Amino acid sequence: MSAGSEAPTPQPLRGRRVALGVTGSISAYKSVEAARRLEDAGAVVDVALTPSAARFVPPLTFRSLVKGEVATDLWDPAAPAEQHVAMGRRADAMLVAPASATTLAKLAHGIGDNPVTLTALATSAPLVVAPAMDSIMYGQPSVQANLELLKARGVFIAGPAIGRLASGGRGLGRLIEPIELAAAVRSAIGRTVGDLRGRHIIVTAGGTREPIDPVRFVGNHSSGKMGVAVAEAARDQGAAVTLITTQAPPEGRYGIVVRSVNTAIEMQTEIWNAARGANALVMAAAVADYRPAEAAESKLKKQDAEEEGMTLELVENPDVIASIDAPHLLKVGFAAETDDLIENAKAKIKRKGLAFIAANDVTQSDAGFQVDTNRVVLLDATGEPERLPLLHKYDVGVAILERLKSHPDWPVRAD
Ligand code: CTP
């Protein structure tokens, strides 16, 4: 059994129904994977195909895969009457992926002549469209104008990406990957009905890398997974999210603004850049307490054989979270401890001016660095510690956001 496998799988889309519209493009195979990802996240997916989509992906593939219905033919006597209307009405979001140039035009102008465009007309749920076409087609003023129209009406446009195109060569027009398609649906639902709409949350992730020379750094084992999980959970609830990370930008980051940094000082600068008007800072990054006093400009060479060892002079880094003091910004810290968890964590709350802290014992193999799960204790300056069970980091993120939302200084929703 892998470490942490007893933690329940996160279900960010549990209870949600998603209508997936598939149109004619060679990239339609990706929509099969997108449907699976959406259902893995807890949604029930209904699928509508245009006649040309059904030539690229047999409807049977979707029928065998999804829990919802599959609509292919408006005139099929065996299909439920007005199936597209029912699909549109019950949807919490609709994703059209791939969205061909023709379908974009129909969506922009209210034309309903196939199961996809009719379902889109029949829904008042947020609509996500993921264009896929040749780059010259994508660049056509007509296509761009249609996209602008859709955007102006609040439609979420997901992609396209730059990459290999079916028409040959590389260019802009490739359908974004299934993980990003599913992320776009999560983001669209959050932005429409999520508890954190209108809020801005800054999250830091990963271990800082303090340069010794151009090829070496002082670092640590933090994978950045905890911070990414908090960022995703906040995005899914509709927050504007700035993720400041030392790691590669995560997959499935639709709706998250990613800022890449290396050092503690760069991280501090990026937090300040994002802090105006932000409501919370969740500091999941493992910040190095010390950095080399000087970073050599060129690669250090191995010392001559007669010299023994090497001494690296270190100077103290700023305490980043303690140094950030912005009006209305609630600060949440993490404390990775090996001894006296509660006492050490409590001392950090005071010292750093935190609303609360998520403390974890990093000596456990299923919690802390590198793994997908964590077992944390949430505690503030005065109350009883809240001991959470072993959870996926995403669900730890959800618990942190719940606590933020019930904090006395958290702004109450006007609507
Ligand atoms: N932190 C920070 N800047 C630092 C060190 C830590 O912002 N220079 C933040 C971490 O991101 C975390 C919290 O402070 O949210 C606690 O980090 P931790 O490493 O546990 O605390 P330290 O203050 O470094 O204390 P120690 O290493 O002595 O346990």
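1. In what sense do strand E2 (residues 44-49) and E3 pair, and over how many bridges? In this predicted model, the two strands run parallel and are joined by two bridges. Within that pairing, valine 47 stands opposite valine 70 in E3.

2. E2 and E3 belong to an open sheet of six strands, ordered E3-E2-E1-E4-E5-E6 and paired in parallel. The edges are taken by strand E3 (70-71) and strand E6 (156-157); each has a single partner strand, so one side of each lacks a neighbour in the sheet.

3. Helix H5 (residues 101-109) packs on this sheet, where it touches strand E4 (93-99) and strand E5 (127-131). The direction of H5 makes about 145° with that of E4.

4. Helix H9 (residues 178-193) also packs on the sheet, with contacts to strand E1 (17-22), E4, E5 and E6. For H9, too, the angle to the direction of E4 is about 145°.

5. From E17 the chain passes through helix H13 (residues 341-352) to E18, a β-α-β crossover that is right-handed.

6. E18 also pairs with strand E20 (residues 376-379), here in the antiparallel sense and over four bridges. One of the bridges links asparagine 360 to valine 376 in E20.

7. The connecting helix, H13, has 12 residues and reaches 16 Å from its first C-alpha to its last, close to the 16 Å expected at 1.5 Å a residue. Its buried residues are Leu341, Ala345, Lys348, Ile349 and Lys352. Viewed down the axis of H13, these fall within an arc of 105°, so they line one face of the helix.

8. What do the buried residues of H13 pack against? Their contacts are with helix H12 (320-323), E17, E18 and E20. On the face turned away from the buried side, H13 carries the exposed residues Glu343, Lys350 and Arg351. After H13 comes glycine 353, with a positive phi near 65°.

Note on methods: Residues numbered from 1 in each chain as written. Predicted model: local features only at pLDDT ≥ 70, side-chain atom pairs only at ≥ 80, totals over all residues. Heavy atoms only, no water. Right-handed = clockwise from strand over helix to strand, strands pointing away. Pairing = 2+ DSSP bridges. Expected span 1.5 Å × (residues − 1). Buried < 20%, exposed > 50% of the residue type's maximum accessible area, 1.4 Å probe, protein only. Arc of directions from axis to C-beta. Contact = heavy atoms within 4.5 Å. Axes fitted to C-alpha atoms, helices over the stretch in contact; angles between N-to-C directions.
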